[in-house]
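Thanks for making the time.

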Amino acid sequence: MTIESFLQNLTNGISLGALYALISIGYTMVYGILRLINFAHGDLVMLGAYFAFYGVALFLLPWWLAFPLAILLTTLIGIIIEKAAYKPLREFPRINLFAAAVAVAFLLENLAIVIFGGRPKAFARPAFLDQLLNIGKVSFVSYTPVIILTAIVLCTILILIINRTKAGIAMRALSKDIETTALMGVNTNRIIMFAFMLGSSLAAAGGILWAIKFPQINPLMGVMPGLKAFIAAVLGGIGNVWGAMIGGLLLGVVEIMLVAFFPQLAGYRDAFAYAILILLLLFRPTGIMGEVQAEKV
Amino acid sequence: MRTTKLISLMFVMVLLAGLAAGCTPKAEESAVPTEVVIGVYEPMTGAQAAGGVQTMQGVNLAYEQRGEVLGVPIRMVLVDNRSDKAESATAMTRLIEQEKAIAVIGSYGSSNSMAGGEVSEKAGIPVMGCSPTNPLVTEGKEFYFRACFIDPFQGRVMAKYAVENGIKKVAIIQNISQDYSVGLAAFFKEAWIELTGSADGIVAETAYQDGDQDFTAQLGAIKDAEAIFAPGYYGDAALLMNQAREMGFKGLFMGTDAWEAPELISIGGEAAEGAVFSSHYSAEAATTPASKPFVDAFMAKYGEAPSAMAALGYDAYMLVVDAIERANSFDPKAIRDAMAATENFEGVTGFITINDTGDAVKDAVVLEVRDGAFKYLTTVKP
């Protein structure tokens, strides 16, 4: 493999990985606080993409208005899901929450099929994201750097929120111990809602960027990215935001590189990618950035 | 809390009652049934939805024109198989056991058809496939037939097209989750070796899976190819063409009948221009006297020219009705025998004779994407 094609594949891998990273942060945040794997998260990715699509195609909004609106709408739906499906179940056994999450995922997917239609739709990229660029022999489209930059900016904002704001501190406290934090006078309901808000908005942003990179949207488009992002979150150490980012990037690059180095084995890509995952988890059961946690009794 | 529980209990009971009502056995069939059921299973959602929707345009038109057979009204029941193998088997079971279909039409997607075929074969219900082209759909099946040609021929058509147009280096990218795609890749290669004398011209063979959207790694390996043969479904193909052009690939894209969906153009956009693929039919090249009135009726109903899938859907329905008529019976076995004996049936996609493997032997057309539309290039005889 030449250095050019290596760089080309690396670029492709990073831009795919950046998307996984954005999506996996939502998983990891919700898990960190509620110990809930929000299986509906991938479907918020889909909703974000569809809202952006309809904003541009149906309401003829310019992209800079349609995209933020789509993120806002998706966030709203994320909050509604939390209030309607998860909050009432919070004090029951954890398994109920998991079942509810799966149910919400199916609900969103089927609603989307009925409302948006089962046929895929073509997502129109804003023109400035559709320019072919070349650096040396590495060619890419202008959306690639935009995706990577957006991912970096959004992640930085998130880290700042988590580390520097009161809500962020409360969130971190919640992830350690919900009851004690509540006793300290923190409004847990609001903080949990806030976490869902952040997660949903990142999912929506991820969905829009996903649709820009792969301009074909359909009601089940969130399922695969959702699963992959979940795996990325586990890989990075679920509950850890940095870990989610690293896990996402790693997964994207590994997926691309496996196929690039062994094109004749492309069909076994996922098998290899996840064999590596299993190996890694065997040696580091808490993921790359995960801390060893004492079981709470 | 108690009222909530009561309400949910009532809700569940209402649901159960609905289920029970759905299962109530129908009244015993009398000598002359009040209706006959023809089942249809097609992908109306999922990755192959466009194919199923196009097929249904043709089936619905045919149903409108021929709403009864042997003096008994036909009730057509459509079940969505969601582009999924397991769902296809479920859909077929439902059509046969619950709806009591005496014959079934479908499905777009060879893998779907193969899953459904296992069920219909056991139940002894004849099925007429519209566009599943993989040989295994009918192979070893007594009750499965199809209105279309099969992939060994289709693979050869495209290999021949490539060789005749001076392509020396070709790359194959297949979807290993789809029997259709895997079969075509193999048949193309076989025909290529036969035509050029060696496999040297095939510079790369690589694969992806259902649900994949990133093909950049696969494409990275094949930059020096003059053409890419990608016998997958339209959605994958459109993204693949996009990404190949973005990576600087300048060659020809070649595909097969699963490319024929408007999404190939709407999603593929500029990148899809110039792509060529084999298909069953083109409204521009009418083959039988029945073609013209079909195109007119279709235009009147839908305001667009029929696609190959729509034409095959129309033919499949008419073939089923024709078989019931010739059998002069609603007995599935008799209908099956009549289907197997179909000879020179005047379809809109050509004259259809079912051979001893249950397949139609027909011409293929080669289409090209030009100015955002599918244009007829040439016809290839079997």
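**From one helix to the two-chain contact**

Helix H8 of chain B is followed by B:Gly248, which has a positive phi, near 95 degrees. Before I go on, keep in mind that this is a predicted model. H8(B) itself covers residues 234-246, so 13 residues, and spans 18 Å from its first C-alpha to its last, close to the 18 Å expected at 1.5 Å a residue. Is this helix mostly covered or mostly open? Mostly covered: 13 of its 13 residues are buried.

Now chain B as a whole. The chain has 12 helices and 15 strands. Its C-alpha atoms fill a box of roughly 65 × 65 × 40 Å along the principal axes. A compact globule of 382 residues would have a radius of gyration near 21 Å, and chain B, at 22 Å, agrees with that. Of those 382 residues, 57% are buried. If you take the contacts in chain B between residues at least 6 apart in sequence, 68% of them join residues at least 24 apart.

On to the sheets. One is an open sheet of seven strands in chain B, with mixed pairing and the order E8-E7-E9-E10-E11-E14-E15. Strand E8 (202-208) and strand E15 (373-380) are at the edges; each has a single partner strand, so one side of each has no neighbour in the sheet. On average, neighbouring strands here are turned by 25 degrees against each other, ignoring direction.

Within that sheet, strand E7 (residues 170-175) and strand E9 (residues 227-229) of chain B run parallel and are joined by three bridges. B:Ile172 has B:Phe229 in E9(B) as its bridge partner. At the other end of the order, E14(B) and E15(B) pair in the antiparallel sense, over seven bridges. There, B:Val369 is partnered by B:Phe374 in E15(B). These two strands form a hairpin with two residues between them, and B:Asp371 in the turn has a positive phi of about 50 degrees. Helix H5 of chain B, residues 151-164, lies across E7, E9, E10, E11, E14 and E15, and runs at about 55 degrees to E14(B).

The other sheet I want to show is also in chain B: an open one of six strands, mixed pairing, in the order E2-E3-E1-E4-E5-E6. Its edge strands are E2 (68-69) and E6 (144-146), each pairing on one side only. Strand E1 (residues 36-42) and strand E3 (residues 72-80) of chain B are parallel, with seven bridges between them, and B:Val37 stands opposite B:Arg75 in E3(B). Helix H2 of chain B, residues 49-65, lies across E1, E3 and E4, at about 160 degrees to E1(B).

One residue to look at by itself is B:Leu312, in helix H11 (residues 308-327) of chain B. Leaving out residues up to four places away in sequence, B:Leu312 touches, among others, B:Thr55, B:Cys130, B:Cys148, B:His280 and B:Thr349.

Next, some backbone exceptions. Most residues other than glycine have a negative phi, and most peptide bonds are trans. B:Gly106 and B:Ser107 are joined by a cis peptide bond, with omega about 0 degrees. B:Ser107 sits in the loop between E4 and helix H4 (110-123) of chain B. B:Asn344 is not a glycine, but its phi is positive, about 50 degrees. B:Asn344 lies in the loop between helix H12 (332-340) and strand E12 (345-346) of chain B, and it counts as exposed, with 8 C-beta neighbours inside 10 Å. In chain A, A:Leu60 has a positive phi of about 55 degrees, again without being a glycine. A:Leu60 is in the loop between helices H2 (41-57) and H3 (63-86) of chain A; this residue is exposed, with 8 other C-beta atoms within 10 Å.

Last, the contact between the chains. How many residues does each chain give? Chain A gives 26 and chain B gives 31. On the chain A side, helix H1 (3-34), strand E3 (138-141) and helix H10 (241-261) each supply at least two residues. H1(A) gives the most, with five. By type, the chain A side divides into 15 nonpolar, nine polar and two charged residues.

Definitions and conventions. Residues are numbered from 1 along each chain as its sequence is written. Chains are lettered from A and ligands numbered from 1 in the order in which they are written. This is a predicted model: local features need pLDDT of at least 70, side-chain atom pairs count only at pLDDT 80 or more; totals for chains, interfaces and linings use all residues. Two residues are in contact if their C-beta atoms, placed from the backbone, lie within 7 Å. Helices (H or I, at least four residues) and strands (E, at least two) are DSSP runs, numbered from the N terminus. Ala, Val, Leu, Ile, Met, Phe, Trp, Tyr, Cys and Pro count as nonpolar, Asp, Glu, Lys and Arg as charged, and the others, Gly among them, as polar. Two strands pair if DSSP finds at least two bridges between them. Axes are lines fitted to C-alpha atoms, for helices over the stretch in contact, and angles run from 0 to 180 degrees between N-to-C directions. The expected span of a helix is 1.5 Å times one less than its number of residues. A residue is buried if 20 or more other C-beta atoms lie within 10 Å of its own, exposed if 12 or fewer, and partly exposed in between; C-beta atoms are placed from the backbone. The radius of gyration is taken over C-alpha atoms; the globule rule is 2.2 Å times the number of residues to the power 0.38.
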